[in-house]
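Dear colleague,

I am passing on the structure we spoke about, and below it you will find an account of what came out of going through it. Please read the text with the coordinates open beside it.

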Amino acid sequence: MKRRDFIRDMAAGSLALRFGPGALAGAIATPAAVPVLVAVEGESPAAITREAIAALGGMKRFVGKGDKVVIKPNIGWDRTPEMAACTNPEVVKTLVELVLEAGAKKAIVIDNTTNQAKRCYVRSGIQEAVKQAGGDMLFVDDYRVKKTALKGAWIKEWDVLLDVIEADKVINVPIAKHHSLCRLTLGMKNWLGATGGARNQFHQDLDKAVVDLAAFFKPQLTVLDAYRILVRNGPQGGRLSDTQLMKTVVAGTDPVAVDALGATFFAVTPRELPYLRLARERGLGEFELEKVRFEKRKI
Amino acid sequence: MKREKSRKHRVLELLRMASQTAFFGLFLTLLLGAHYTGEDYIGSTVQRFFHFDPLLALVTLVAARLVYTLFAFALITVVATILFGRVFCGWVCPLGAVHQFSSFVFKKTKFLKPPREEKASLAWKYYILIIVLAGALFGLDLAGYLDPFSFLARSFSVAVFPSLAYALSGFNGILYGLGTTGLARSISQALENWTINVTFQQGFSVGLLFLGAVALNSRKERFWCRYLCPTGALLGLLSRWNLFKLKIDEEKCIKCGLCTQHCETQANPYPNEKWKSGECVYCQNCASICPTGAIRFPVSLRPEKMTNVSNVDLSRRKLILTTLLGIVAVPFFRLTPSHKRASLKLIRPPGSLPEDKFLAKCVKCGQCMRACPTGGLQPVLTEAGPEGIYTPMLVPKVGYCEYYCSLCTQVCPTGAIKKLTIEDKNKVKIGTAWVNKSRCIPYVLGKPCIVCEEHCPVSPKAIKLVEAETKLPDGSVAVQKAPVVDLELCTGCGICENKCPVMDDPAIFVTSVGETRSATNRLLLDITKETPADPYK
């Protein structure tokens, strides 16, 4: 990295910090005709991802020229794609391509994994996919994790990945999975992977933690991979029989709505998930899908 | 007389340095390469070096009463030594290179001034060799402590690499502070890529021993090789027939004594008849330093007199006495309860042989600890008795056994850890997890947790959740999901203990009971089943 780039990045990062991710999110104008939430079903993970972003108005709506974009998949586990423990590599790859096509300077893919980072990056297929698409895959660096004021209802401050908070734009790319404490791990819970420290203590009040993190990170875009979902033995599964093919990608600008739609794949009604209710109370979005501008496509 | 140094031997000396540097570099590169590369099976790394080591081959053969075919490579070293003397020590051994280089540095910095003549006895390494071999007769593997490959690999795996990585990551903090983000980032990514763990419970003692061994070179050049190395001693015994014998041209010799003063290994080139073929490592120092080029190594088929091999009085009496000493010492190693009942903390790597066989084969080289991706494999101090010092055990608080990893089984040079495919490894149980209900958050505090359950890698999970009622201090009753271990499914990988949020003494922990390799370290009398076939046969 050139020094000039670094100074500019730092400036951008500190500006982003100063005004908070909320300011960035608010800057995006929502054209009236464009839906807030889309679900696209189809055979190819890449094609349905492309279609979903197109339905939301195209990647240019979210990413500007020269932006540094962080794409945050779930790469938490040392599992192959068909185990549905990590985000589908094709979905991540397509997003990296779209982000770079939209003129972004950098597309960084990062996650604070649970198993050995390199294993997760390799076995999930995401490292190879990101490399092919021209993105940068980063391991979490001890010096790039910093205690930051989250100003949450429960968590006041916590270690977060600087790469995520310094980015110009953030895209959340979770996978839909079963979880035995909060029932389902979808988009908002995926932000645990952008934190460091003793994050397993979040489990002592996981719903509140999820909402505090979601309120802090506020992505421009959430793309939920539900191509193959994990229906039991979550959040890492281990057998093909733990998974179920849904062949769907959900994308949206409302992270609560994305999670609410994700819940329906597991026959869970959104109001059963306490963190969705808490998130709406915090003004993060809407979980009653009938109130959301929603479009469904099939290709 | 015309004084002219031998150019030929100077070239040979330079070649010897190049060879040492190359082998040292190769050794470290291969050792560094023993990590998850992105491939599940990493092929042969530094363990191939070990297969060329005749001492390890002999001791493993005798102690474990097993023929490990890969040790056939050691025959090459044996034949080479018989033909060419201890070239292995002078030209190949990477630990020898460390000692020779540090001796050189100590000499240049005047810490070490070699005397004109060295009288110290060279017998110690032969006694060490005899004790090691006598121990092997009784299944005691002591070779690993002083074998040069084991010593070097262990020192670098457990102490040198970790401390370098630690220093480098500290340096990274400075780089970030200075704004050189690009460089700092490359370093941090590389450290992650090479998987250098920086936490080792015996890192301090292993590191000190290594520094001590290097520091001894300030007393005598190549102190280790002269007085301690049992492998060198074994090769020394083989070297009396070698073809190239030192010859001083009496007409050219001016009796300056430089050759003997600067001999790395006290082989005493001058006077010629006092030269010890068993000590010479063919480093070419003497021939290169000789001001008149009087020293050569012509072919000679005449075997060296046995007494002259090291000029050590290896008389029958002393040999018998030392052998007896070795034999008497063996029971001391066995006065430990670990032979009666398994140690609860002694969780061996998956694929480890039953304990007695394991101890007879493990050479304490630390390669498994180097390869372990989570840093969970740690050198043992007390858990395995005195003969188990520096053997590996899993310490789940530090790191756990990765589900899709069998690297430790792939890098073991002696087969103390049997090579396993990942599929087979996942059928091996290395221990059993236990819930400490008096510390577990849901059981005691009535708060939700389930962290152990979500990390359990087997499917269906070995940790099940049940509803547990907890009486809280205010008298109310909390109901939470709490963990219960299914012994049939638990493999003892230890990720539950590693990730447990109760930091000091995890509320779920693994002990060795139920390990596949042991017929006695059992929990349940399972008379309804046939004894499972020994997975290592």
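**A buried histidine in chain A**

His178(A) counts as buried because 21 other C-beta atoms lie within 10 Å, the cut-off for that class being 20 or more. Please keep in mind throughout that this is a predicted model. His178(A) belongs to strand E8 of chain A, which covers residues 175-179. Leaving aside residues up to four places away in sequence, His178(A) touches Leu184(A), Leu230(A), Val231(A), Arg232(A) and Gly234(A). Asn233(A) is 55 residues away from His178(A) in sequence, yet the two C-alpha atoms are 7.1 Å apart in space.

Gly234(A), one of the residues that His178(A) touches, is joined to Pro235(A) by a cis peptide bond with omega near 0 degrees. Pro235(A) sits in the loop that runs between strand E10 (221-230) and strand E11 (243-252) of chain A.

Chain A has nine helices and twelve strands, and 58% of its 299 residues are buried. Of the contacts in chain A between residues at least 6 apart in sequence, 74% join residues at least 24 apart.

Strand E2 of chain A, residues 68-73, is mostly covered, with six of its six residues buried. In a regular strand the side chains alternate between the two faces of the sheet. Both faces of E2(A) are covered, with Lys68(A), Val70(A) and Lys72(A) buried on one side and Val69(A), Ile71(A) and Pro73(A) buried on the other. E2(A) pairs with strand E3 (residues 106-110) of chain A in the parallel sense, over four bridges, and Lys106(A) in E3(A) is the bridge partner of Lys68(A).

Lys247(A), which is not a glycine, has a positive phi of about 50 degrees; Lys247(A) lies in strand E11 of chain A and is partly exposed, with 15 other C-beta atoms within 10 Å. Ala267(A), also not a glycine, has a positive phi of about 55 degrees; Ala267(A) is placed in the loop between helix H8 (255-264) and helix H9 (274-281) of chain A, and with 7 C-beta neighbours inside 10 Å it counts as exposed.

**Where the chains meet**

The contact between the chains takes 31 residues from chain A and 39 residues from chain B. On the side of chain A that touches chain B, the largest share, five residues, comes from helix H4 (residues 117-123) of chain A. That side of chain A has ten nonpolar, 13 polar and eight charged residues.

Helix H4 of chain B (residues 73-84) has twelve residues, which at 1.5 Å a residue should span 16 Å, and its end C-alpha atoms are 17 Å apart, in agreement with that. Its buried residues are Ala74(B), Thr77(B) and Thr81(B). Seen down the axis of H4(B), these buried residues fall within an arc of 50 degrees, so they line one face of the helix. The face turned away from that buried side carries the exposed residues Leu75(B) and Val79(B). The cover over the buried residues of H4(B) includes helix H2 (47-51), helix H3 (54-64), helix H5 (87-92) and helix H13 (230-238) of chain B. Gly85(B), with a positive phi near 80 degrees, follows H4(B).

Helix H6 of chain B (residues 94-108) has 15 residues and reaches 21 Å from its first C-alpha to its last, close to the 21 Å expected at 1.5 Å a residue. The buried residues of H6(B) include Pro94(B), His99(B), Gln100(B) and Phe106(B), and its buried residues pack against H5, helix H1 (7-32), helix H9 (148-178), helix H11 (203-215) and helix H12 (223-228) of chain B. Just after H6(B), Lys110(B) takes a positive phi of about 65 degrees.

**Domains of chain B**

The domain assignment of chain B gives domain 1 (7-33 + 45-309), domain 2 (341-426) and domain 3 (432-511). The centres of domain 2 and domain 3 of chain B, taken over C-alpha atoms, are separated by 26 Å, and eleven residues of domain 2 are in contact with eleven residues of domain 3. The side of domain 2 that touches domain 3 divides into seven nonpolar, three polar and one charged.

With best regards

Methods
Residues are numbered from 1 along each chain as its sequence is written. Chains are lettered from A and ligands numbered from 1 in the order in which they are written. This is a predicted model: local features need pLDDT of at least 70, side-chain atom pairs count only at pLDDT 80 or more; totals for chains, interfaces and linings use all residues. Helices (H or I, at least four residues) and strands (E, at least two) are DSSP runs, numbered from the N terminus. A residue is buried if 20 or more other C-beta atoms lie within 10 Å of its own, exposed if 12 or fewer, and partly exposed in between; C-beta atoms are placed from the backbone. Two residues are in contact if their C-beta atoms, placed from the backbone, lie within 7 Å. Ala, Val, Leu, Ile, Met, Phe, Trp, Tyr, Cys and Pro count as nonpolar, Asp, Glu, Lys and Arg as charged, and the others, Gly among them, as polar. The expected span of a helix is 1.5 Å times one less than its number of residues. The arc is that of the directions from the helix axis to the C-beta atoms. Domain bounds come from an automatic or database domain assignment. Two strands pair if DSSP finds at least two bridges between them.
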